[in-house]
Amino acid sequence: MKFKDRLVLITGGTSGIGRIMARMAFERGARKVVVWGTSQHKIDDTVAEFSAKGYDIAGYSVDVSDAKAVEMAAINLRATHGEVDILINNAGVVTSNRTFDGYSVEEIDRTMDINSKAPMYVALQLLPQMVKRNSGHICNIASAAGMIANPRMSVYVASKWAVIGWSESMRIELKQQRSDVHVTTVAPYYINTGMFDGVKSPILPILEPEATARTIIRAIERNKDFKGIPLGFHLIRLAQGLLPTSWFEFIFGRCFGIFSTMDNFTGRKK
């Protein structure tokens with residue numbers, strides 16, 4: 001779906017690739033972009049920056065892990081700005097690099113609520129009208145971790161596996177309905193936005209935000225079903241399917257160091 005003259009909603013749109021994608025949407029002619037975030041300071045800063053450039057942007061503080069808050073925000077958005085044409089579910093969180101036995105129930109709930117349930121809550125509010133209009137696009141930002149298990153991020157991995165499964169199932173449902181509403185599932189490797197500060201990747205380079213955002217925007221424009229980033233990610237998936245588990249874990253986990261990427265994770269500084 002092309003961005004020209006479209007209303008775009010981006011969750012987690014006040015920082016990282018969310019903010020970059022907002023800029024790129026405007027550069028491609030979007031008539032309005034709405035960003036949802038949790039930090040009022042970042043929301044105000046984002047709105048001020050784009051408004052100063054003459055762009056039509058609005059920002060709201062929305063807890064996307066709260067189904068009722070999402071419902072009310074969607075009602076307000078529809079009444080104030082109209083129907084959303086393109087939804088980019090970008091909000092996400094990673095809490096630590098502990099092994100699973102060290103997690104708290106609160107951390108599990110927060111990770112699953114924001115990474116897995118929130119995209120469903122937002123899509124549930126917007127998809128029915130897209131289907132009714134037979135027009136729209138939903139892009140769900142998952143993770144390469146949603147396809148390849150990695151130690152020291154088990155709950156994050158679980159949350160992203162859930163997103164990919166749901167997103168792909170929804171896409172197939174719409175295809176079976178012969179709907180012109182499209183779904184793009186994106187599975188990027190680690191992105192250099194601060195969220196994964198401290199990560200060391202010996203085989204695949206950490207992704208740069210600008211290039212990653214551009215790839216995602218292009219995938220939406222081309223109605224791509226699934227986009228893994230970078231290309232090497234697909235080669236690892238191929239090896240995973242062809243090799244015995246013990247071989248794959250030895251080659252990629254130990255020799256190439258994928259299983260140690262989270263060892264020095266610190267995360268974004270608050």
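Student: Where is Glu107 found?

Tutor: This is a predicted model, so keep that in mind throughout. Glu107 is found in helix α4.

Student: Is Glu107 buried or exposed?

Tutor: Look at the relative accessible area. Buried means under 20%. Glu107 has 14%, so Glu107 is buried.

Student: What does Glu107 touch, not counting residues up to four places away in sequence?

Tutor: Glu107 touches Thr95, Ser96, Arg98 and Gly102.

Student: Let us stay with α4. At what angle do α3 and α4 pack?

Tutor: The angle is about 35°. The axes of α3, residues 67-81, and α4 are 8 Å apart.

Student: Is the crossing of α3 and α4 left-handed or right-handed?

Tutor: This crossing is right-handed.

Student: Which residues make the contact?

Tutor: From α3, take Ala67, Val70, Glu71, Ala74 and Arg78. From α4, take Tyr121, Val122, Gln125, Leu126 and Gln129. By type, the contact of α3 with α4 has 6 nonpolar, 2 polar and 2 charged residues.

Student: Next, cavities. How do I find empty space in a model?

Tutor: Rolling a probe the size of a water molecule over the atoms shows where empty space is left.

Student: How many cavities of 30 Å³ or more does the count give here?

Tutor: The count comes to 1 cavity. The volume of the largest cavity is about 30 Å³.

Student: Which residues line the largest cavity?

Tutor: The lining is Thr11, Val64, Asn89, Asn90, Ala91, Ile114, Ala118, Pro119 and Val122. Helix α4, residues 105-133, gives the largest share of that lining, with 4 residues.

Student: How do the lining residues of the largest cavity divide into nonpolar, polar and charged?

Tutor: There are 6 nonpolar and 3 polar residues in this lining, and no charged ones.

Student: Now the start of the chain. Where is Met1 found?

Tutor: Met1 is in the segment before β1, which covers residues 7-11. The relative accessibility of Met1 is 11%, so Met1 counts as buried.

Student: How many residues apart in sequence are Met1 and Ile220?

Tutor: They are 219 residues apart in sequence. In space, the C-alpha to C-alpha distance between Met1 and Ile220 is 6.0 Å. Leave aside neighbours within four places in sequence. Met1 is then in contact with several residues, including Asp85, Ile86, His137, Ile220, Glu221 and Asn223.

Student: What should I expect of phi and of peptide bonds?

Tutor: Most residues other than glycine have a negative phi, and most peptide bonds are trans.

Student: What is the phi of Asn223?

Tutor: Asn223 is not a glycine, yet its phi is positive, about 55°. Asn223 lies in the loop between α6, residues 209-221, and β7. With a relative accessible area of 27%, Asn223 is partly exposed.

Student: And what is the phi of Asn134?

Tutor: Asn134 has a positive phi of about 55°, although Asn134 is not a glycine. Its place is the loop between α4 and β5, residues 136-141. Asn134 has 38% relative accessibility, so Asn134 counts as partly exposed.

Student: Is the peptide bond from Ile229 to Pro230 cis or trans?

Tutor: This bond is cis, with omega near 0°. Pro230 sits in the loop between β7, residues 226-229, and α7, residues 231-242.

Conventions: Residues are numbered from 1 along each chain as its sequence is written. This is a predicted model: local features need pLDDT of at least 70, side-chain atom pairs count only at pLDDT 80 or more; totals for chains, interfaces and linings use all residues. Side-chain values use heavy atoms; hydrogens and water are left out. On a 1 Å grid over the protein atoms alone, a cavity is a set of points where a 1.4 Å probe fits but cannot get out, and a pocket is an open set with protein on both sides within 12 Å along at least five of seven lines; lining residues have an atom within 4 Å of a point. Grid points are joined across faces, edges and corners, and a volume is the space filled by probe spheres set on the points. Helices (H or I, at least four residues) and strands (E, at least two) are DSSP runs, numbered from the N terminus. Ala, Val, Leu, Ile, Met, Phe, Trp, Tyr, Cys and Pro count as nonpolar, Asp, Glu, Lys and Arg as charged, and the others, Gly among them, as polar. Axes are lines fitted to C-alpha atoms, for helices over the stretch in contact, and angles run from 0 to 180 degrees between N-to-C directions. A crossing is left-handed if the near helix is turned anticlockwise from the far one by less than a right angle, and right-handed if clockwise. Contact means heavy atoms within 4.5 Å. Buried means under 20% relative accessible area, exposed over 50%, partly exposed in between (1.4 Å probe, protein chains only).
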